[in-house]
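The sequence and structure are shown first.

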Amino acid sequence: MTAMPEHHDPMKPQLTSQARQPRRAWPALMAVAALTSLLGACAGQPNASPAGGSPEAAAPTDGLKLGALLPTTGDLQSIGQPMSEVLPLAVETINACGGVNGKPVSLVLADDQTDPTVGVEGMTKLVEVDKVAGVVGSFASSVSGAAVDVAVRNKVMMISPGSTSPVFTERAKKGEFQGFWARTAPPDTYQAEALAKLAFERGHKRVATIVINNDYGVGFEQKFIAAFKKLGGTVVNEAKPTRYDPKAATFESEVNAAFSQKPDAVAAILYVESGALLLKAAYEQGLSKGVQIMLTDGMKTDDLAKQVGMGSDGKPIVAGAIGTVPGADGESLTALAELVQRKLNKAPAAFVPQTWDAVMLMALAAQAAGENTGTGIQSKIREVSSGDGEAVTDVCKGLELLKAGKKINYQGASGNVDIDENGDVVGNYDVWNVESDGKISIKGKVKLQ
């Protein structure tokens, strides 16, 4: 990840001195208070101005305080950074129309470094020191899986915009989360089916898998194998699946194992930093020639081609790779895209809509509960996301209706975000392709019945 700018940008959280501590120290924390600029989405609404002083001091102690635990460094930094950038915009939007329960919302961000141990440290500080009521995060399933226990123990609501491992559904069914866990991205039970269907429909009947050895990778692998076999395909390394350690120095033996049986395609369930090195190793050994590379959400970043590198022909090594990613087709997506373009001068990246929706849902749930606590959010999160209330796409309208004692059903930017009893949502999947110039384009959708 590139370093944060030295100058103060009011639209971006600022790194504290803790960012310069050793890797195992508390994650880099960034504070964002009740921002004051009115946004187009809430133009004309009353503005909640902070009382002045430092960002932390600007928000009243009884106002809704949210935390975020996302990877702005580490293996998933290229995905986590855009997610973090949209959070101040979400807080500003809410505060521009009066905040929650009559108080402005404040935000504290922690960098989990794509590391479960660091993630637990960050979550512990967010809930025990910063006293947040809810946390947006994390992205990596391995980090969320470790950090969620801290959240549940402290009765803090945790909503992940990107942890998609099926393990969370199973844990929820066992009652481990007590309702304090949800996610705005669908579980990989569905994405694995989507990738399997895409592979089979493209005529790839013999496929190998290579996955990162964590909850995300192994969970996806198992669901993919089951779905692909059900369609009539063969996973050539099913008996001895290929899993890699992201901290390994080299990946030659792993790519050799995955490609050695000459599959039609390789389903590669990877994280960006380590995955780029792995794909480069496959190319350099001549193993990937003529094999369709199939990727997932963990690899969809605009600079993927740059990270993997160029081939001897001068073209990106990953040109022609295809993949799946949770799509965003919600009713409020257009408004979010316009806001991000205006404020950040770019289109929303993958998982930005899911991140936005996580913040909005917690704010609306707190307002519905009439209290800015984790227990309050937990008690109303399903009601405001999937209840029988009035459908709303604008958070300002939603807050207004809730203040009047009415019920709402939030329709998000990523989708309807109807959170079920296990904290899951059902999504749709975009098909993405790496073009010959390295740019990523969306090439349709995979529809699941």
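## Terms and basis

On a 1 Å grid over the protein atoms alone, a cavity is a set of points where a 1.4 Å probe fits but cannot get out. A pocket is an open set with protein on both sides within 12 Å along at least five of seven lines, and lining residues have an atom within 4 Å of a point. Grid points are joined across faces, edges and corners, and a volume is the space filled by probe spheres set on the points.

The model is predicted: local features need pLDDT of at least 70, side-chain atom pairs count only at pLDDT 80 or more, and totals for chains, interfaces and linings use all residues. Residues are numbered from 1 along each chain as its sequence is written, and side-chain values use heavy atoms, with hydrogens and water left out.

## Cavity

The largest cavity holds about 40 Å³ of space. Its lining consists of Leu76, Phe139, Ala140, Ser141, Gly162, Thr164, Tyr216, Tyr271, Asp297 and Gly298. By class, this lining has 5 nonpolar, 4 polar and 1 charged residues (Ala, Val, Leu, Ile, Met, Phe, Trp, Tyr, Cys and Pro count as nonpolar, Asp, Glu, Lys and Arg as charged, and the others, Gly among them, as polar).

## Largest pocket

Two or more lining residues come from each of α2 (77-96), β13 (322-326), α11 (333-344), α12 (352-369) and β17 (440-446); helices (H or I, at least four residues) and strands (E, at least two) are DSSP runs, numbered from the N terminus.

With 7 residues, α2 gives the most to this lining. The lining of the largest pocket comprises 19 nonpolar, 7 polar and 6 charged residues.

## Second largest pocket

About 440 Å³ of space lies within the second largest pocket. Among its 21 lining residues, Tyr283, Ser288, Lys289, Ile317 and Ala319 are the closest to the centre. The elements α9 (272-284) and β12 (292-295) give two or more residues to the lining, and α9 has the largest share, 3 residues. The classes are 11 nonpolar, 7 polar and 3 charged.

## Lys174

Lys174 is located in the loop between α5 (167-173) and β7 (181-183). Lys174 is exposed, with a relative accessible area of 63% (buried means under 20%, exposed over 50%, partly exposed in between, with a 1.4 Å probe and protein chains only). Lys174 and Asn422 lie 248 residues apart in sequence and 9.6 Å apart in space, C-alpha to C-alpha.
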